[in-house]
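Here are my notes for you, point by point. Keep the viewer open while you read, and click on each residue as it comes up.

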Amino acid sequence: MKYVLLSLFLVTQFTLQSQDIEFRSNDRLVLGGTKDKSASISTGDIDGDGDIDVVVANGRHWPEPNRLFFNNGFGIFTVSRLLDDISETSYATELADFDNDGDLDIAVGNDMAPNAIYMNDGAGNFTRASSFGNPYSPTRNLKTVDIDGDGDIDILITNRGQENEICLNNGKGQFSEILKFGSEDDSTIDVEVADMDRDGDQDLVLANRDKQQNYVYLNDGHLKFNQRIAFGTGSDETRAVGVVDFDKNGYLDIITANIGEPNVIYFGSEKMDYSRKVVFDSSSGNSYALDIGDIDNNKTIDIVIGNSEEPNKVFLNFENGNSWKEITLKNEELDTYDIILTDLNNDKRLDIIESNSDEINKYYINLLITKKK
């Protein structure tokens, strides 16, 4: 058994009260043994047994089967099966209850192929039910959220090089009404949905590639997003965004994961100009994904970054987002397209799952150790 021991006092030369963080990894803590072109992971209890299962989207530009992994209750995935008997160019997958029947369904976003909804029978058996969005768009990511406030889950699609789409749910898991957001030439990779201006409706935060400007699109309350606010340098290669109020001033801040430049937090304020910023990762590497959560259980939000051809990193938050401590997850140079924080073994600590292209998908159990003073 191999362990990645991350002692905050010894490795990063600082003391986190009386706690050490240890991320356990070994050859059993993997999602199967195949080296697929994995691009996305979504997690949730798909079979209703009280633990967290995993759905993996595979293929990217080359058709591969998507896979389900079932948790045995102890953070080990001893049962797996294909989502479908077809192979697709899948870039994204998300779990949500689209038909309001109490179980988690699956949305799959494909590159230049129809996107698909799979309905759950409640026990983790899925039937392909319908499609959503433009059937031949260069889909890169999905976001599931009730954006129109009518009580059901809608789907946002980011399309690299085409207009992005909002697919509105009719309450039955059908998405015939489509709205557009962004512009026709946007290279949007990720979108976050949140009330950025505190007016009670959901706004959009876009991560654009190809040196395009990143924007916050403000909702007018009727799903029109004509007003936009720029953030970033104007020529970023942003692959992922997240939002959270780090400085606790009541306005949401924006986290960016970038290619070839530092990863940055832009702080929200009443001015809505995102001019105040802090670099939490100065490596200027190839960051493809991020997730946020309280990794060290100190009631602050931390960040995990998935990188391409570089080790993945954990950043622990101190001083309300103004001070960060960096930890290398493991000294491996993989192509991590997605990275997720979730509690896999029900110990109330956030574990880390990697979605790796052309490599086995791995996960790390968080062994946060509280020492006696």
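This is a predicted model: local features need pLDDT of at least 70, side-chain atom pairs count only at pLDDT 80 or more; totals for chains, interfaces and linings use all residues.

1. Start with aspartate 190, whose side chain reaches the backbone nitrogen of valine 241 at 3.0 Å. Residues are numbered from 1 along each chain as its sequence is written, and side-chain values use heavy atoms, with hydrogens and water left out.

2. Where does aspartate 190 sit? Look in strand β15, residues 188-194; strands (E, at least two residues) and helices (H or I, at least four) are DSSP runs, numbered from the N terminus. Aspartate 190 has a relative accessible area of 9%, so it is buried (buried is under 20%, exposed over 50%, partly exposed in between, using a 1.4 Å probe and protein chains only). Leaving aside residues up to four places away in sequence, aspartate 190 touches several others, among them Asn141, Thr158, Arg239 and Val241; a contact means heavy atoms within 4.5 Å. Lysine 143 is 47 residues away along the chain, yet its C-alpha and that of aspartate 190 are separated by 8.4 Å.

3. Now hop to arginine 140, in strand β11 (residues 139-145). Why does arginine 140 count as buried? Because its relative accessibility is 13%. The arginine 140 side chain reaches the backbone oxygen of proline 138 at 3.4 Å. Beyond four places away in sequence, the residues arginine 140 touches include His61, Asp111, Thr158 and Arg160. Serine 40 is 100 residues from arginine 140 in sequence, but their C-alpha atoms are 9.6 Å apart in space.

4. Next up is β12, the partner of β11: the two pair in the antiparallel sense over six bridges (pairing needs at least two bridges found by DSSP between the strands). Threonine 139, for instance, has asparagine 159 as its bridge partner in β12. Is β12 enclosed or open? Six of the six residues in β12 (154-159) are buried, so the strand is largely enclosed by the rest of the structure. You can check both faces: Asp154, Leu156 and Thr158 are buried on one side, and Ile155, Ile157 and Asn159 on the other.

5. β12 also pairs with strand β13 (residues 164-168), running antiparallel with three bridges. Isoleucine 155 has cysteine 167 as its bridge partner in β13. Four residues lie between the strands of this hairpin, and glycine 161 takes a positive phi near 95° there.

6. Last stop: serine 308 in strand β24 (residues 302-310). It is buried, because its relative accessibility is 5%. Its side chain makes a polar contact with the side chain of aspartate 335, at 2.6 Å.

Conventions: A polar contact is a pair of N or O atoms within 3.5 Å; within protein, one must be able to donate a hydrogen and the other to accept it, and residues adjacent in sequence count only if both atoms are side-chain atoms.
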